[in-house]
Structure formats: C-alpha cells, structure tokens
Amino acid sequence: MSFLSKVTNFFTGGLGEKIVDGIQAYFPPDMTPEQKAKLEIAIKEQSHKREVELLTLAAEQDEEFNNRIRDLEGTAKDLTQFGWLGRIVVFLRGCQRPVWGGLVMYMDIQWFNGNWSGLSEQQESALWVINILVLGFLFGERAVKNVMPFMTQFMKQRAQK
C-alpha cells in the first residue's frame, strides 16, 4: 500500500477501499481484470475527490473561526496602537510561556531533588495542580502526555519509600 493510499485511508476511514471490497462480489463474472481495475480506480478517485472537498471545507471553517476570533479579540498588532503600554503588553504576552515554564521547572527540580521534602499533602496537591495547569494550558495536551509517565513512576517510587 502506497503512502498516499495510507493517508487517504486515514482521512476517509478507507471508504474507497471499503466500497470496492463491498461491490467486488457484484462485479459481472465476465468482467476483465483491466475493467475491474478501471472501476476500482474510478471509485477511489471519487472517494479521494470527496475527501479533498471535506478537507477544503474544514480548512475554510478553521479560517472563518480564526477570522472571527481575530475580529472579536484583536491581534498583537492591534495592541501597538496604544503606544509604549501596548508594546509592554505584547512583550508580557510573549514572555508568559518561558516565565511560567521556568518557574514550574524550578519548582519541580526542587521538589524532585528532595529539597522541598517537608511539604504537606495539601502543598504536594497544589504542586500537582500547578504542573497540570501550566503544562496543559500553556504547552498543550502533548506535554502532559509526555510528562505523565515520569510523574507516575516518580510517585510510585515515592510511595514505596
């Protein structure tokens, strides 16, 4: 199976191949292999055309959504019209991820190295919440998925002590 057909199958759920597989039993018995291949190609082309239409509609929908958000909330460029105050706000917005990430990394290093070993259960719970909020909201779901196995392993080792 080629890369293109794998990608097509991913987006369409293999619709073209499912249709071909479903109707192969109904091919006339006297149909030549070339005719069968042409029919299969035509079905897959129509499935691909429909997939392209759906992807185009999805892209247009995303563009409309982004335009609406931009119109309602504005952009960073809009803030520069407020002079030096606007530039400060743009700068602070840009610094948010590195600052939060650095602070959480510092807290985690202190916590995992045992420098903050005398934490109460409530303080540990707060650290968990801060980690999940910062990783989840600022860095996305992927960051939480990548870090969670290490956190779980750490907590299991800690519980055994």
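A salt bridge is a side-chain nitrogen of Lys or Arg within 4 Å of a carboxyl oxygen of Asp or Glu. In this predicted model, local features need pLDDT of at least 70 and side-chain atom pairs count only at pLDDT 80 or more, while totals for chains, interfaces and linings use all residues. Residues are numbered from 1 along each chain as its sequence is written, and side-chain values use heavy atoms, with hydrogens and water left out.

The structure holds one salt bridge, in which the side chains of Arg50 and Glu53 meet at 3.3 Å, N to O. Both residues belong to helix H3 (residues 33-73) and lie three residues apart, about one turn of the helix. Helices are DSSP runs of H or I with at least four residues, numbered from the N terminus. An α-helix has 3.6 residues a turn, so residues three or four places apart point the same way. Relative accessible area, calculated with a 1.4 Å probe on protein chains only, defines buried (under 20%), exposed (over 50%) and partly exposed (in between). Glu53 is partly exposed at 39%, as is Arg50 at 44%.

## Helix H6 and its two sides

Helix H6 (residues 121-139) has 19 residues and reaches 26 Å from its first C-alpha to its last, close to the 27 Å expected at 1.5 Å a residue; the expected span is 1.5 Å times one less than the number of residues. Its buried residues are Glu124, Leu127, Trp128, Asn131, Val134, Leu135 and Leu138. Seen down the axis of H6, they fall within an arc of 155 degrees, so they line one face of the helix; the arc is that of the directions from the axis to the C-beta atoms.

On the other side of H6, Glu121, Gln122 and Phe137 are exposed. The cover over the buried residues includes helix H5 (84-112) and helix H7 (141-160). Just after H6, Gly140 has a positive phi of about 90 degrees.

A nonpolar core is a set of buried Ala, Val, Leu, Ile, Met, Phe, Trp, Tyr and Cys residues joined through side-chain atoms within 4.5 Å. The largest one has eight residues: Val104, Met107, Trp111, Leu127, Trp128, Val134, Leu138 and Met151. H6 supplies the largest share, four residues.

Asn131, also in H6, is buried at 3% relative accessible area. A polar atom of its side chain lies 2.9 Å from the backbone oxygen of Leu127. Leaving aside residues up to four places away in sequence, Asn131 touches Val104, Asp108, Trp111, Gly136 and Met151, contact meaning heavy atoms within 4.5 Å.

Terms used
A polar contact is a pair of N or O atoms within 3.5 Å; within protein, one must be able to donate a hydrogen and the other to accept it, and residues adjacent in sequence count only if both atoms are side-chain atoms.
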